[in-house]
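Try each task on your own before you read its solution.

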Amino acid sequence: MKSILLVDDDSLFRELVADLIKEQGISVLEADGVISAKQFLETQNVDVICSDMNMGDGTGLELYKEVHLKYPQIGFILLTHDVKFSVQKQADLYNIPLISKSTSDLIAKIIEMINA
């Protein structure tokens, strides 16, 4: 079964997205920030990480850089409420998909990435 690690410090958003992804038959692990995501990765195998850009204990971009070095096989998606040019430019620099949290096809894009 495919699995995703959903990383977001907004528990309501994280739970809502997790429920929608689970309906697609995908296993979902939830982390409330960068530190807990790193802890999950020490013991759990995931196919994709879907991370918020800005969290209380770090950024999704910082998480990506570490994940990319240690686990290059894991796909990565950045989420944000506010797609600013500077954020898009950073995501483009690392070739990371950046998805707005308000996009109506958010789940479809996550499913597409996990099935790639």
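## Exercise 1: Around Leu-63

Setting aside neighbours within four places in sequence, Leu-63 is in contact with Val-7, Val-34, Ala-37, Lys-38, Ile-49, Ser-51 and Phe-76. Keep in mind that this is a predicted model.

**Task.** Which residues touch the most other members of the largest nonpolar core, and which element gives the most to this core?

**Solution.** 
- Step 1. The largest nonpolar core has 22 residues, and those touching the most other members are Leu-5, Val-7, Ile-49, Leu-63 and Phe-76.
- Step 2. Two or more residues each come from E1, strand E2 (27-31), helix H2 (34-43), H3, E6 and helix H4 (85-93).
- Step 3. The element that gives the most is H3, with 4 residues.
- Step 4. Apart from this core lies another one of 18 residues, including Leu-6, Ile-26, Val-28 and Leu-106.

## Exercise 2: Strand E6 and its partners

**Task.** How many residues of E6 are buried, and which strands pair with E6?

**Solution.** 
- Step 1. Count the buried residues: 6 of the 6 residues in E6 are buried, so to speak a mostly covered strand.- Step 2. Both faces are covered, with Gly-75, Ile-77 and Leu-79 buried on one side and Phe-76, Leu-78 and Thr-80 buried on the other.
- Step 2. E3 pairs with E6 in the parallel sense over 5 bridges, and Phe-76 in E6 is the bridge partner of Ile-49.
- Step 3. E6 and E7 also run parallel, joined by 3 bridges. Here Leu-78 stands opposite Leu-98 in E7.

## Exercise 3: Helix H5 and Ile-110

**Task.** Is Ile-110 buried or exposed, and what do the buried residues of H5 pack against?

**Solution.** 
- Step 1. Ile-110 is found in helix H5. With a relative accessibility of 1%, Ile-110 counts as buried, because the cut-off for buried is under 20%.
- Step 2. The buried residues of H5 (residues 106-115) are Leu-106, Ile-107, Ile-110, Ile-111 and Ile-114. They cover an arc of only 130° around the axis, which puts them on the same side of H5.
- Step 3. The face turned away from that buried side carries the exposed residues Glu-112 and Asn-115.
- Step 4. The buried residues of H5 pack against strand E1 (3-7), helix H1 (11-22), strand E3 (48-52), strand E6 (75-80) and strand E7 (98-100).
- Step 5. Leaving aside neighbours within four places in sequence, Ile-110 itself is in contact with Ile-4, Val-17, Ile-21, Cys-50 and Ile-77.

## Exercise 4: The whole chain

**Task.** How many helices and strands does the protein have, and how does its radius of gyration relate to the globule rule?

**Solution.** 
- Step 1. The protein has 5 helices and 7 strands, in the order β-α-β-α-β-β-β-α-β-α-β-α along the sequence.
- Step 2. Its radius of gyration is 13 Å, close to the 13 Å that the globule rule gives for 116 residues, so the protein is as compact as a globular protein of that length.
- Step 3. Buried residues make up 47% of the 116 residues.

Methods
Residues numbered from 1 in each chain as written. Predicted model: local features only at pLDDT ≥ 70, side-chain atom pairs only at ≥ 80, totals over all residues. Heavy atoms only, no water. Buried < 20%, exposed > 50% of the residue type's maximum accessible area, 1.4 Å probe, protein only. Arc of directions from axis to C-beta. Contact = heavy atoms within 4.5 Å. Pairing = 2+ DSSP bridges. Core = buried A, V, L, I, M, F, W, Y, C linked by side-chain atoms within 4.5 Å. Rg over C-alpha atoms; globule rule 2.2 N^0.38 Å.
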